Amino acid sequence: MEQEFYSGFAQRARDLAENADPFTRRRLLELAKRYDAQSKPGSSHGRLPAPRAAPPTALFSGSGET
């Protein structure tokens, strides 16, 4: 069941990549490869890392006024 989940996500990423700009297309195709690897039985890749929730705090240091 988990294999179907990841292979479905891989296909969705490839579908989205068809109409994306070059940068986004490359990122989506890389993501599809990772999902394909996850969908293989006995995959040694482990889980995908969690997406970054927030940008680095260094971008927000300071008073916030210009």
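User: What counts as a polar contact here, and how far is the backbone oxygen of Asp36 from a polar atom of the side chain of Ser39?

Analyst: A polar contact is a pair of N or O atoms within 3.5 Å, where within protein one must be able to donate a hydrogen and the other to accept it, and residues adjacent in sequence count only if both atoms are side-chain atoms. This is a predicted model in which local features need pLDDT of at least 70 and side-chain atom pairs count only at pLDDT 80 or more, while totals for chains, interfaces and linings use all residues. Residues are numbered from 1 along each chain as its sequence is written, and side-chain values use heavy atoms, with hydrogens and water left out. Between the backbone oxygen of Asp36 and a polar atom of the Ser39 side chain, the distance is 2.7 Å.

User: Is Ser39 buried or exposed?

Analyst: Buried means under 20% relative accessible area and exposed over 50%, with partly exposed in between (1.4 Å probe, protein chains only). Ser39 has a relative accessibility of 10%, and therefore counts as buried.

User: Why is the pair of Phe9 and Tyr35 edge-to-face?

Analyst: Rings of Phe, Tyr and Trp (its six-membered ring) pair if their centres lie within 6.5 Å, and planes under 30 degrees apart count as stacked, over 60 as edge-to-face and the rest as tilted. The centres of the Phe9 and Tyr35 rings are 5.4 Å apart, and the pair is edge-to-face because the planes stand at 90 degrees.

User: Which residues form one aromatic cluster?

Analyst: By the ring rule, the count comes to four aromatic pairs. The cluster is formed by Phe5, Tyr6, Phe9 and Tyr35.
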